[in-house]
Amino acid sequence: MAFQTLLFYLFGTVLLAAAAAAVTLRNMVHAALSLILSFFTAAMLWMLLEAEFLSILLVLVYIGAVLVLFLFVVMMVERHTPTIHRRRNYRIVASAVAAVMVAELGMALLAPDFSPTAQPLPAPLEYSNTKALGSVLYTDYALAFEAAAVALLVAIVGAIALTLRVRPDHHRQNPARQSRVRKQDRLRLTDGRSEPPC
Amino acid sequence: MLSLTHFMLLSGALFAIGVAGVFVNRRHALVLLMSLELILLAVNTNLIAASHYLQDLAGQAFALFVLTIAAAEIAIGLAIVVVVFRSRETIDAEDLSEVRG
Amino acid sequence: MSVAQEMILMLPEIVLVVGACFVLLCPRFLAWPLTMLVLAGTVGAIVATAPEDPALLMTGMFERSSEIDFLRILICVLTVLILRYARGHPVSPDRLQSNEFYTLAVFGCVGMFLISGAEHLITLYLGLEILALSLYPMIAMVRDDGRAGEVALKYFVLGALASGFLLYGMSLMYAVTGTLHIGELASQLEQLEMNRVLLLGMVFMLAGLAFKLGATPFHMWLPDVYDGASLPAVTYLSAAPKIAGLLLLLRLFSDGLMALAVDWTTLMMVLAVLSLLLGNLVAIAQTRIRRMLAYSAIAHTGFVFLALGAGTPHGMSSAVFYTFVYALMAAGSFGMLLLLNSRVAAEDIQDFKGLNHSHPWLAIMVLILMFSMAGVPLTAGFYAKLYVLQAVVDAGLWPLAVVAVLLTVVGAYYYLRIVWYMYFEEADRPAEPGEDSAHVFLVSANALVLVLIFAVPQPWLEMSRDAARVFVGGQ
């Protein structure tokens with residue numbers, strides 16, 4: 001138990017430090033990399049909470065695909081202005097907002113009327129988090145599963161509609177027309193004599 | 001001994017960092033997107049912690065859907081950033097002076 | 001209930017999703033007729049499959065009750081109207097990316113339908129996000145104009161932040177109550193001792209929704225979006241999603257969090273008064289018609305919060321009626337704006353000058369729309385405001401009703417200014433509205449319905465009352 005507590009504080013510290021770095025670092029690429037670090041440590045914390053499937057998902061899919069896409073866009077957009085300038089008064093306001101929120105939450109969570117003491121039973125050896133999640137996902141949450149699929153489709157349509165550029169001067173192949181071409185469309189037989197000079 | 005309160009305080013702090021990031025980076029679209037990611041990460045940590053301590057899978061299922069939507073949202077967000085970048089060659093939200101609340 | 005029966009009751013959603021896929025893939029010239037077909041088919045499916053009793057579907061994640069079907073039909077009708085209005089505009093979807101625009105519009109309806117029946121926080125959240133994910137690209141879509149992208153970015157960031165707040169509130173609720181089911185949440189909350197984590201969760205949820213709906217002090221995106229996005233996208237945003245917003249509030253607060261009503265009614269009243277104050281006062285200073293309509297939207301949102309803040313069934317039904325009328329007024333106003341803008345830009349309030357001289361019929365329609373927005377008798381807007389005020393007074397909050405009346409009178413000024421310009425000022429340059437007769441007919445019908453509702457209010461009020469009853473505290 002004590003070892004888990006140690007891990008919690010270790011990962012928690014790294015998580016918060018990386019998150020703070022992600023929103024304050026001046027170099028955009030560094031900021032994106034700290035974001036990846038914070039997600040990675042969050043995945044470790046989820047592992048501590050025995051949510052193995054989501055934890056692995058976060059590393060493989062989320063960090064592997066989404067955040068790397070993020071890094072691509074950062075590098076594409078940030079060629080010209082790699083550093084960020086922030087105003088001082090924004091920083092003060094933001095720190096104040098964060099401090100107030102943490103204080104509020106701390107007061108609420110540490111108040112005596114909220115004291116969850118329940119400790120979960122250790123899971124049996126043959127328990128599989130993935131299997132358990134899968135079995136509710138396609139039954140209890142079938143509607144949500146479909147709706148999430150719709151949301152992803154909407155995102156695909158939206159993102160392509162926004163970024164697809166059809167340039168009028170762009171030369172494109174039309175395979176249907178290419179395969180329909182006959183010999184006489186393209187080939188003209190002449191009698192071999194050179195044209196008289198004009 | 002770890003309890004739900006520990007994890008909720010941690011995710012609360014993460015959430016606050018995310019919100020503060022939105023305030024501090026009002027000028028910069030990409031860092032704004034990163035702050036939004038952190039907010040959703042805090043939400044997911046909260047849900048998973050609650051799910052673990054309540055021995056109830058609903059929280060993990062919700063976290064899975066939040067993760068899905070977060071990916072969809074970031075795709076749209078990056079697409080909009082690219083659109084703005086193409087039209088202006090800048091994504092500094094304050095150079096865009098025409099639009100004012 | 002068997003799977004087949006559930007599928008039949010889910011038919012409207014299925015028609016919408018399948019239809020949206022066809023709209024996406026069909027040839028460009030078919031996109032418009034197919035969209036109309038899909039929406040008409042959805043209305044048909046709603047009417048044909050209306051159940052006698054409310055039915056819980058899909059393992060309790062979705063509720064189908066025929067009492068709120070009229071709001072779902074209204075969502076479809078408004079979408080049809082809006083897409084038709086948008087066709088004549090120079091940057092109409094037809095001339096841009098018709099398939100994508102119409103697909104997103106239909107998917108937006110899917111999101112709103114999911115919200116309308118959500119019995120589970122996951123369904124609610126996914127519905128909200130499907131709607132939002134359709135709206136962001138629609139707003140960013142006019143790419144030749146740099147402003148649309150910037151405005152979309154602003155809307156996106158604040159929208160995503162709002163979702164984050166809402167979700168964080170939900171996660172706190174879940175941590176305390178251990179359930180995501182709205183009905184179970186309601187019964188859990190009644191048994192639980194009040195604690196600050198619950199209150200904090202409620203505040204986060206309300207802040208997120210206030211962001212989404214554009215209530216002061218979370219309104220800052222709304223004037224920019226109304227002003228900077230393309231007119232077709234703004235028109236879509238301004239009407240049907242307001243109904244979805246109301247349904248969200250009713251589902252979450254009146255249905256799920258009724259046990260915390262003492263606290264959220266107070267907060268809603270604060271939001272209501274601030275929105276009325278800011279919306280009505282700032283609208284006076286506007287010269288661009290779209291910004292004026294944006295501040296007017298904030299003020300109207302204030303009225304909806306005022307009605308819900310009464311915390312009584314009467315307040316809820318008046319909120320439903322108000323939103324119903326407001327969505328029609330907003331669609332009509334933007335339809336009129338699209339008509340006036342279809343050949344020349346007429347975005348300034350000054351452009352209404354002398355409209356009566358050149359186009360007396362259109363002037364009458366604008367008159368009806370503006371009177372209804374202001375709440376002048378002989379139009380539906382009058383009844384809508386009256387019922388809200390009655391509900392507020394019944395709840396014993398008459399000082400708030402007095403404040404609302406005073407601010408409404410102030411707000412009437414900027415609607416009536418347009419009427420004044422139309423009838424009593426000379427035009428600087430002649431108005432050139434479009435000559436699309438179907439568009440003129442639809443806008444006129446849209447405006448005249450507002451008079452009809454004033455003349456025969458009873459059936460609409462009955463429907464609003466029945467709809468509100470669905471949400472009363474999990475009963």
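Trainee: What should I know before reading residue numbers and confidence?

Mentor: Residues count from 1 along each chain as its sequence is written, chains are lettered from A and ligands numbered from 1 in the order in which they are written. The model is predicted, so local features need pLDDT of at least 70 and side-chain atom pairs count only at pLDDT 80 or more, while totals for chains, interfaces and linings use all residues.

Trainee: Start with chain A. How many helices and strands are there in chain A?

Mentor: Eight helices and zero strands. Along the sequence the pattern is α-α-α-α-α-α-α-α. Helices here are DSSP runs of H or I with at least four residues, strands are runs of E with at least two, and both are numbered from the N terminus.

Trainee: What share of chain A is buried?

Mentor: 27% of its 198 residues. Buried means 20 or more other C-beta atoms within 10 Å of the residue's own; exposed means 12 or fewer; partly exposed is in between, with C-beta atoms placed from the backbone.

Trainee: Which domains does chain A have?

Mentor: Domain 1 covers 7-83, domain 2 covers 87-114 and domain 3 covers 128-164. These bounds come from an automatic or database domain assignment. The C-alpha centres of domain 2 and domain 3 of chain A lie 34 Å apart.

Trainee: And contacts inside chain A? What percentage join residues at least 24 apart?

Mentor: 56%, among contacts between residues at least 6 apart in sequence. A contact means that the two C-beta atoms, placed from the backbone, lie within 7 Å.

Trainee: Now chain B. What is its pattern?

Mentor: It reads α-α-α. That is three helices and zero strands. Of its 101 residues, 70% are buried. Residues 24 or more positions apart make up 53% of the chain B contacts with a separation of 6 or more.

Trainee: And chain C. How many helices and strands there?

Mentor: Chain C has 21 helices and two strands. Of its 475 residues, 64% count as buried. For contacts with a separation of 6 or more, 80% are between residues 24 or more positions apart.

Trainee: Switch to interfaces. How many residues of chain A are in contact with chain B?

Mentor: 63 residues of chain A, in contact with 57 of chain B. Helix 4 of chain A gives the most to that side, with 13 residues. By class, the chain A side has 51 nonpolar, nine polar and three charged residues. Nonpolar is Ala, Val, Leu, Ile, Met, Phe, Trp, Tyr, Cys and Pro; charged is Asp, Glu, Lys and Arg; the others, Gly among them, are polar.

Trainee: What about A against C?

Mentor: That contact takes 24 residues from chain A and 30 residues from chain C. Helix 6 of chain A supplies the largest share of the chain A side, 13 residues. The classes on that side are 19 nonpolar, two polar and three charged.

Trainee: Which residues have the most contacts inside the largest nonpolar core?

Mentor: B:Ile80 and C:Ile139, in a core of 303 residues. Helix 7 of chain C (residues 146-177) gives the largest share, 21 residues. Such a core is a set of buried Ala, Val, Leu, Ile, Met, Phe, Trp, Tyr and Cys residues joined through C-beta atoms within 7 Å.

Trainee: What does B:Ile80 touch?

Mentor: Leaving out residues up to four places away in sequence, its contacts include A:Leu162, C:Tyr136 and C:Phe156.

Trainee: Is C:Met58 buried or exposed?

Mentor: Buried, because it has 25 C-beta neighbours inside 10 Å. Its phi is near 50 degrees, a positive value in a residue other than glycine. C:Met58 is in the loop between strand 1 (55-57) and strand 2 (62-64) of chain C.

Trainee: And C:Thr59?

Mentor: Its phi is near 50 degrees too. C:Thr59 is partly exposed, because 17 other C-beta atoms lie within 10 Å.
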